[in-house]
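Colleague: I am new to this structure. Could you take me through it, one question at a time?

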Amino acid sequence: MHREPLPAAYSAPQSGPDPAATALIMMGGGARAAYQAGVLSGLARIAERVGKGHGAMPFGIIAGTSAGAINGAGLAVQAANFQAATQSLGALWHSIHADDVYRTDVLRVGVSGARWLSTLALGWATQRRAPRALFDNTPLGSMLGELFEPARVQASLDSGALQAFAVTALSYSTGRHVTFYQSHHRIHPWHRSQRLAVPAQITVDHLLASSSIPFLFPAMALELDGHHEWFGDGTMRQMSPLSPAIHLGASRILAIGAASRQRSGWFDTMPGGGYPSLAQVGGQALASIFLDGLNADLERLLHINRLLARMPEVAGDREGWRPVQVMTVAPSEPIEAIAAEHTKQLPRTVRALLAPLGGTEARGAAFASYLLFEPAFTQALMALGERDAEAQADELAAFLYGIVPGTAPATPAAGERTGAQAVSP
């Protein structure tokens with residue numbers, strides 16, 4: 001990533017929506033997160049077009065999970081310069097390779113595959129040598145160590161360009177869903193059933209924990225309540241992905257999803273028939289982890305919003321409820337179909353490992369897409385993200401900057417088009 005000087009004192013814009021109360025939420029999905037970088041590049045172009053190209057991000061709150069947490073970290077370290085932050089993320093995803101994220105050499109992949117097979121076949125005799133994960137993501141830790149500087153996040157917070165940055169992970173030790181957050185001003189930690197939030201300085205270990213895809217990447221040990229617990233991918237059991245941003249003070253949320261928008265004839269794009277392969281089943285299992293939570297939360301909040309519209313006496317901060325506007329950007333094309341065109345780009349060792357599972361076939365491409373950290377695939381997703389942002393350019397300009405084409409800057413009204421919600425923190 002390109003490194004900009006530490007941000008100086010930051011002044012919020014005098015008109016339009018307040019960035020301090022606007023949040024960006026980015027979910028996980030492994031290599032699919034390249035789509036987010038494309039959307040962000042599109043947003044930067046929109047900002048430049050409406051005269052907001054030189055300055056801080058249009059959102060002061062960033063809540064990321066899994067690979068979305070890594071993208072969020074890239075924004076948080078350069079919060080005062082939105083153009084530079086999006087260019088850095090774009091450059092990273094444009095040239096990334098699988099061996100930048102996990103070991104792909106013959107020795108490492110061969111040993112890992114052999115251990116998994118022996119554990120499944122002779123688990124009673126191999127308990128002491130059981131593998132922690134299918135892949136070794138040490139390269140990702142090294143890359144993040146070079147690119148991510150916690151001090152720069154704190155500098156963004158101190159300057160006011162960033163109000164809060166949150167990363168979510170799941171504790172394998174206790175089953176609790178934990179949001180680690182840093183904030184410009186003191187925010188009281190929140191506790192809900194099996195989920196809680198704790199203030200912490202976000203480090204590379206937090207990013208690795210949040211992005212540790214189950215079974216594929218190893219868990220990370222993080223300190224919590226004075227002791228260490230083992231954490232994995234934050235999208236697991238994440239029933240309310242919008243909740244952290246709301247607790248951190250957001251009244252407006254832009255959510256970039258990784259689940260493609262379904263349309264008529266959608267399922268004709270992927271081959272069917274025959275008994276599903278292990279990769280096909282695994283792809284659906286990962287989809288239930290990575291892709292379903294955000295849409296379900298949005299639907300739930302929409303129902304709550306409609307209920308509150310009929311019962312306005314319930315709304316209000318005194319009752320614990322407040323309106324929150326939400327807008328989403330999601331892939332307009334099936335990522336699975338794009339992945340199916342690029343599975344041959346995977347390293348030979350990874351293809352050899354996935355082939356017996358059906359992961360190199362078109363119907364198993366959904367599973368392979370999470371591991372497809374190769375330029376041909378990530379660039380295709382970035383291009384899709386840029387197109388999708390451009391297709392919603394007017395709405396995004398209105399939502400983020402209060403600028404409607406042909407009118408003076410104004411905050412867009414709440415409504416179905418932007419997914420206005422009313423929620424309880």
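Colleague: At what angle do helix 1 and helix 2 pack?

Modeller: Bear in mind that this is a predicted model. Helix 1 covers residues 34-49 and helix 2 covers residues 67-76. Their axes lie 9 Å apart, and the packing angle is about 35 degrees.

Colleague: Is the crossing of helix 1 and helix 2 left-handed or right-handed?

Modeller: Gln36, Ala37 and Leu40 make the contact from helix 1, and Ala67, Gly68, Asn71 and Leu75 make it from helix 2. As for the hand, the crossing of helix 1 and helix 2 is right-handed.

Colleague: How many residues of the contact of helix 1 with helix 2 are charged?

Modeller: Go through the classes. Four residues of this contact are nonpolar and three are polar. The number of charged ones: no charged residues.

Colleague: Which residues does UniProt list for "active site"?

Modeller: The listing comes from an unreviewed UniProt entry. The listed positions span 168 residues in sequence, yet no two of their C-alpha atoms are more than 5.7 Å apart, so they gather at one spot. The residues named in the entry are Ser66 and Asp233.

Colleague: Is Ser66 buried or exposed?

Modeller: Ser66 sits in the loop between strand 2 (61-65) and helix 2. Buried means under 20% relative accessible area. Ser66 has 1% relative accessibility, so Ser66 counts as buried.

Colleague: What is the relative accessible area of Asp233?

Modeller: Asp233 belongs to strand 8, residues 227-233. Asp233 is buried. Its relative accessible area is 0%.

Colleague: Which side chain does a polar contact of 2.7 Å join to that of Asp233?

Modeller: Start from the UniProt listing, which names Ser66 and Asp233. Their side chains are joined to each other by a polar contact of 2.7 Å. The partner of Asp233 is Ser66.

Colleague: Where does the side chain of Ser156 reach at 2.8 Å?

Modeller: Ser156 lies in helix 6, residues 150-159. With 0% relative accessibility, Ser156 counts as buried. At 2.8 Å, its side chain reaches the backbone oxygen of Ala76.

Colleague: What share of the residues in the protein chain is buried?

Modeller: The secondary structure comes to 15 helices and eleven strands. Take contacts between residues at least 6 apart in sequence: 77% of them join residues at least 24 apart. Of the 425 residues in the protein chain, the buried share is 56%.

Colleague: Which side chain is joined to that of His206 by a polar contact of 2.9 Å?

Modeller: His206 is in helix 7, residues 204-210. At 9% relative accessibility, His206 counts as buried. Leaving out residues up to four places away in sequence, His206 touches Val167, Phe180, Ala200, Gln201 and Leu222. The polar contact of 2.9 Å joins its side chain to that of Thr203.

Colleague: How many residues of helix 15 are buried?

Modeller: Helix 15 runs over residues 393-401 and is mostly covered. The buried ones are Ala393, Leu396, Ala397, Ala398, Phe399, Leu400 and Tyr401. Their packing partners include strand 1 (22-26), helix 1, helix 3 (82-95) and helix 14 (375-391).

Colleague: Is Phe215 buried or exposed?

Modeller: Most residues other than glycine have a negative phi. Phe215 has a positive one, near 75 degrees. Phe215 is in the loop between helix 7 and strand 7 (220-224). At 63% relative accessibility, Phe215 counts as exposed.

Colleague: What is phi of Asp225 near?

Modeller: Asp225 is found in the loop between strand 7 and strand 8. With 55% relative accessibility, Asp225 counts as exposed. Asp225 is a residue other than glycine with a positive phi, near 55 degrees.

How values were computed:
Residues are numbered from 1 along each chain as its sequence is written. This is a predicted model: local features need pLDDT of at least 70, side-chain atom pairs count only at pLDDT 80 or more; totals for chains, interfaces and linings use all residues. Side-chain values use heavy atoms; hydrogens and water are left out. Axes are lines fitted to C-alpha atoms, for helices over the stretch in contact, and angles run from 0 to 180 degrees between N-to-C directions. Helices (H or I, at least four residues) and strands (E, at least two) are DSSP runs, numbered from the N terminus. A crossing is left-handed if the near helix is turned anticlockwise from the far one by less than a right angle, and right-handed if clockwise. Contact means heavy atoms within 4.5 Å. Ala, Val, Leu, Ile, Met, Phe, Trp, Tyr, Cys and Pro count as nonpolar, Asp, Glu, Lys and Arg as charged, and the others, Gly among them, as polar. UniProt positions are given in the numbering used here, feature names are shortened, and annotations may be inferred rather than shown by experiment. Buried means under 20% relative accessible area, exposed over 50%, partly exposed in between (1.4 Å probe, protein chains only). A polar contact is a pair of N or O atoms within 3.5 Å; within protein, one must be able to donate a hydrogen and the other to accept it, and residues adjacent in sequence count only if both atoms are side-chain atoms.
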